[in-house]
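My notes follow in the order I checked them.

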Amino acid sequence: MASQLTDAFARKFYYLRLSVTDVCNFRCTYCLPDGYKPAGVTNNGFLSLDEIRRVTRAFANLGTEKVRLTGGEPSLRRDFCDIIAAVRENPSIRQIAVTTNGYRLARDVAQWREAGLTAVNVSVDSLDARQFHAITGQDKFRQVMAGIDAAFDAGFAKVKVNTVLMRDVNHHQLDTFLNWIKTRPIQLRFIELMETGEGSALFRQHHISGATIRDELLKRGWIHQLRSRADGPAQVFCHPDYDGEIGLIMPYEKDFCASCNRLRVSSVGKLHLCLFGDGGVDLRDLLAEEGQQAALMARIEEALRGKKQTHFLHQGNTGITQNLSYIGG
């Protein structure tokens, strides 16, 4: 390992979120309410398999231990298994995860695991089939639930489920979610609704702090667990009577950015230092050939020196993020 990515505030970066496509077949109200529109794709299209191989190798050489494949919906790539296998070529990358809407999970998850996938996150914002349809624009609730079962059948010991917390939509359904994970090794992660350039009105209507869930969990005897260095930003809680766990991702909480350990590369090859930053650093010109690895690593390290101490969500500054599919959430 050549070095460890560190910024000006002594934060170390072990975790890469790599978007492999902007395309998504769901129309979630908080992300793509009008469906996918191909606005951000260059003439070169999305990163090729060889470009993905080169960028993940560079990050592995800079100390990355975990890669999460995101989108859009990453499983819409026909070469998705090949992408997983390409990331797995780096022995220092110990975790290869995917965040998926679950659309193809039942069909393909066993192949993903065989290719080298080590962790699965599935987006499920409601356990009511009709509400799920209303949120996602797809009548696929039972298909997604079958996909989660298939992930366990394929050998995954735990599945993470992402639920965007929304006032008057699902914030009052805690008991329903807790009943679901009582006998299932699911880490259910409530994610605070975040303001994006296209979602200000929705944010004002439906944002609610994850602290409301945390207070209720602590009242019921749930225990806050410690994070490991390559974990994401969730505060995780366990309970002796439950096989599952609860995670809370609260980007509006004080000091949320102090433990930042992740960087993002978009599906068109831009390095983003923050989900809500003002721009990206183009890496694509250094992904064309094998002999550019040293220059690629140097550009990543140089860019990281400009990472800011915090996002500016509290001031209503959402940066260039028009929707959460833009750079993989």
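I began with contacts, meaning heavy atoms within 4.5 Å. Among those in the chain between residues at least 6 apart in sequence, 72% join residues at least 24 apart.

I noted the ground rules. This is a predicted model, where local features need pLDDT of at least 70, side-chain atom pairs count only at pLDDT 80 or more, and totals for chains, interfaces and linings use all residues. Residues are numbered from 1 along each chain as its sequence is written, and side-chain values use heavy atoms, with hydrogens and water left out.

Next I looked up secondary structure. I found 9 helices and 12 strands (DSSP runs numbered from the N terminus: helices are H or I, at least four residues, and strands are E, at least two). The radius of gyration is 19 Å, close to the 20 Å of the globule rule for 329 residues, so the chain is as compact as a globular protein of that length. I wrote down that this radius is taken over C-alpha atoms, and that the rule is 2.2 Å times the number of residues to the power 0.38.

Then I went inside. Of the 329 residues, 56% count as buried (under 20% relative accessible area, with a 1.4 Å probe and protein chains only). The largest nonpolar core has 93 residues, and L18, L69 and I148 have the most contacts inside it. Such a core is a set of buried Ala, Val, Leu, Ile, Met, Phe, Trp, Tyr and Cys residues joined through side-chain atoms within 4.5 Å. Helix α5 (residues 141–153) gives the largest share of this core, 6 residues.

Last, I picked L69. Beyond its neighbours within four places in sequence, L69 touches residues including L18, V20, F80 and I96.

Definitions and conventions:
Buried < 20%, exposed > 50% of the residue type's maximum accessible area, 1.4 Å probe, protein only.
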